[in-house]
Structures are given as structure tokens and as C-alpha cells.
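Here is a short note to read beside the model. Please keep the sequence and the 3D view open while going through the points.

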Amino acid sequence: MKCVSYSLAVVLTFSLQYAYAQKDDFQCPDDFGFYPHHISCDKYWKCDGREAELKTCGNGLAFDDTDPKYLKENCDYLHNVDCGSRSQLEPPVSTPKCPRLYGIFPDEVKCDVFWNCWNGESSRYQCSPGLAYDREARVCMWADQVPECKIEEVANGFNCPAAGEIAAGGSFSRHAHPDDCRKYYICLEGTAREYGCPIGTVFKIGDGEGTGNCEDPEEVPGCEDYYGDLDLKSIRKSELLAGLPGGNGASSNPRSKQPAPQQEAAPSQPLKSAKSRPQAPSPNRPQQNIPQRLLPQEEQN
């Protein structure tokens with residue numbers, strides 16, 4: 001027992017001496033600046049009047065040492081910082097949905113959902129229809145390109161026709177959504193990807209099998225009242241003034257050779273003014289940009 005106590009005392013004494021040596025060994029190279037810690041990626045030195053103070057970024061952040069003049073005090077998300085040999089980090093501090101207090105983390109259940117955590121408070125984000133959150137690239141990509149995601153999770157169980165079922169189908173085909181007039185599926189090599197028509201239009205099934213276009217609701221039987229009492233002219237005008245495209249990147253021309261990757265699409269929440277059948281998505285454009293840089297500075301002493 002005495003040997004164990006003695007060994008523990010030696011370890012603690014060595015640790016304290018090492019910590020003090022770290023602080024004593026660092027000499028400020030200039031009167032003012034912010035300098036990386038030599039082994040810890042989430043620690044850095046603040047120099048003021050050549051006096052060094054050891055600082056720690058928020059849990060889940062790391063010190064960005066890319067400023068050649070060492071005048072910027074910037075803690076950024078871990079995935080944005082090249083730590084190099086600075087491999088040590090503070091132990092994780094977690095809250096619900098947040099493995100660390102700061103960061104962007106995938107949802108454990110839904111592959112098209114991710115969480116932006118700020119000081120332990122989580123904000124839910126959802127990719128556009130047909131997309132899923134890629135954990136490596138940290139962007140929303142086609143669901144079939146995300147290894148952790150099963151395509152049926154995002155395509156709501158829609159199955160593309162088998163090869164050869166559609167005559168002269170070309171490289172891809174379009175199919176109406178079973179419940180929403182504005183949405184439709186594009187099948188490319190047997191994989192379903194969900195698209196949405198530009199605001200103010202709905203999907204109209206074409207004359208040929210596996211074809212269709214986005215048209216005015218008045219031209220599509222059963223979808224005439226899709227937008228309810230919304231002032232579509234005002235919505236279209238506001239999008240034009242804002243320089244926003246009317247759709248989500250999908251061409252309405254059935255002869256185009258390949259659909260463009262979806263960047264934005266309408267959110268899935270129904271409009272209050274829309275008729276009960278079919279439900280219309282909200283006209284507000286979704287916030288699809290995944291936060292990548294931190295503007296405010298966060299520190300923990």
C-alpha cells in the first residue's frame with residue numbers, strides 16, 4: 001500500500017513539474033501575439049507585453065495557427081484545423097446530440113440529418129430531399145453516395161422500375177411523387193433521387209412513360225389548388241430580386257441528358273394555407289449551408 005501511494009505521489013509530482021516546465025519553457029517571441037501549443041491542438045499561448053498565458057479553446061474546437069504573423073486569435077472546428085503533430089486534445093464533454101460542446105455531428109438514426117453544436121446546444125439541420133449528410137466530406141450529397149445511408153431512408157421507399165421496364169427510357173426517367181404534387185423522383189441507373197419543382201409549379205406526368213415536366217398547377221389535374229391562397233407572383237418576384245434560381249437544379253426538359261446534382265429543394269413542412277390534399281411545402285428557401293467557419297471567438301480558461 002505504501003509503495004502504491006509513493007508511486008502515485010511520484011507521478012503527480014512529475015506531472016505538476018512537467019506542466020510548470022511547459023509554461024516556464026515558452027518564451028514569447030514578440031510583445032503581442034497568439035502562438036500554438038507544441039503538443040496540444042486545442043491550447044495556445046497568448047502573449048501580451050511578452051507575458052505568456054496558456055489558453056484553451058472550447059471543447060471541440062482547435063487553435064488555427066495558419067496566421068503567419070500570429071496576430072489572430074481563432075479557435076475553429078476540429079475538422080477545419082490541420083493539427084499536424086499537435087495531437088493532444090482535452091477529453092470530450094458531451095451533451096445530447098453533441099459528442100463535444102462544439103462541432104458538426106451526424107444524427108445517429110437519420111442519415112439526412114446533422115447537428116450543429118454550439119456550447120453544448122444543438123441545432124438540427126436536414127439535407128434537401130434526396131440528399132444525405134456525408135460524414136467525411138461534411139456536406140450533403142446524393143444519398144446513394146453516402147456509405148452510412150440506405151437509399152430507401154431518403155427516397156421514402158420508392159423503387160425505380162427494373163431495367164428494361166420503360167421503353168426508350170434513356171439514361172434516366174422521371175416519376176411523380178405519390179403524395180406531393182411538387183416533388184418527383186429521377187431514376188438514374190436504378191437509383192431514386194428526389195427532386196422538387198420550382199416554386200409556383202408542380203410536376204406533370206408526361207405522355208411517354210418515365211417522363212414529365214414542371215408546369216403551372218392549372219395544367220395538372222388534381223393539383224390546381226396545391227398552393228392554396230399563396231400569392232405566387234410575389235414569391236417569384238422576390239426570388240428574382242434575390243437572384244435565386246427558381247428550382248433545385250433539376251432541368252424540366254425531358255430531353256436533357258443527365259439531371260444536375262440537387263443543391264436546394266423545398267422543405268417538407270406543409271403550408272397553412274394549402275388544401276389538405278395534396279400538401280404543399282413551405283415557400284421559404286431552406287438553410288442548406290453547413291456551417292464551416294466560426295466567426296465569434298470562444299475560449300475557456
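**Notes on the predicted model**

1. **Lys72.** Start with Lys72, in the loop that runs between strand E4 (61-63) and strand E5 (75-77). This is a predicted model. Lys72 is exposed: its relative accessible area is 58%, and the cut-off for exposed is over 50%. Leaving aside residues up to four places away in sequence, Lys72 touches Phe34, Phe63 and Asp67. Take Phe34: 38 residues separate it from Lys72 along the chain, yet their C-alpha atoms are 6.6 Å apart.

2. Is Phe34 buried or exposed? Phe34 is buried, because its relative accessible area is 5%, under the 20% limit. Phe32 is another matter: at 39% relative accessibility, Phe32 counts as partly exposed.

3. **Aromatic pairs.** How many aromatic pairs does the structure hold? There are twelve. In one of them, Phe26 and Trp45, the ring centres are 4.8 Å apart and the planes meet at 5 degrees, so this pair is stacked. The pair links distant parts of the chain. Phe26 sits in the loop between helix H1 (2-25) and strand E1 (32-36). Trp45 belongs to strand E2 (residues 43-48), and the two are 19 residues apart. Trp45 is buried, with a relative accessible area of 3%. Now compare the rings of Phe32 and Phe34. Their centres are 5.3 Å apart and their planes stand at 80 degrees, so that pair is edge-to-face.

4. **An aromatic cluster.** Phe26 and Trp45 also belong to one aromatic cluster, together with Tyr35 and Tyr70.

5. **Nonpolar cores.** The largest nonpolar core has 24 residues. Which of them touch the most other members? They are Tyr44, Cys57, Leu61, Phe114 and Tyr184. Two or more residues come from each of E4, E5, strand E9 (131-134) and strand E12 (183-188). E12 gives the largest share, three residues.

6. **The E12-E13 hairpin.** E12 also takes part in a hairpin with E13, with two residues between the strands. Glu189, in the turn, has a positive phi of about 55 degrees. The two strands pair in the antiparallel sense over six bridges. Tyr185 has Glu194, in E13, as its bridge partner. What of the burial of strand E13 (residues 191-196)? Five of its six residues are buried, so E13 is largely enclosed by the rest of the structure.

7. **Confidence.** Check the pLDDT before reading too much into any region. The mean for the protein chain is 74, and 67% of the residues reach 70 or more. Among the elements, E4 has the highest mean, 97. The lowest, 38, belongs to strand E16 (residues 299-300). Two stretches need a note. Over residues 1-24 the pLDDT stays under 50, and the model has eight contacts there beyond four places in sequence. Over residues 245-301 the pLDDT is also below 50. That stretch has 158 contacts in the model beyond near neighbours in sequence.

Definitions and conventions. Residues numbered from 1 in each chain as written. Predicted model: local features only at pLDDT ≥ 70, side-chain atom pairs only at ≥ 80, totals over all residues. Heavy atoms only, no water. Helix = DSSP H or I, 4+ residues; strand = E, 2+ residues; numbered from the N terminus. Buried < 20%, exposed > 50% of the residue type's maximum accessible area, 1.4 Å probe, protein only. Contact = heavy atoms within 4.5 Å. Core = buried A, V, L, I, M, F, W, Y, C linked by side-chain atoms within 4.5 Å. Phe/Tyr/Trp six-rings, centres within 6.5 Å; stacked < 30°, edge-to-face > 60°. pLDDT = per-residue confidence, 0-100. Pairing = 2+ DSSP bridges.
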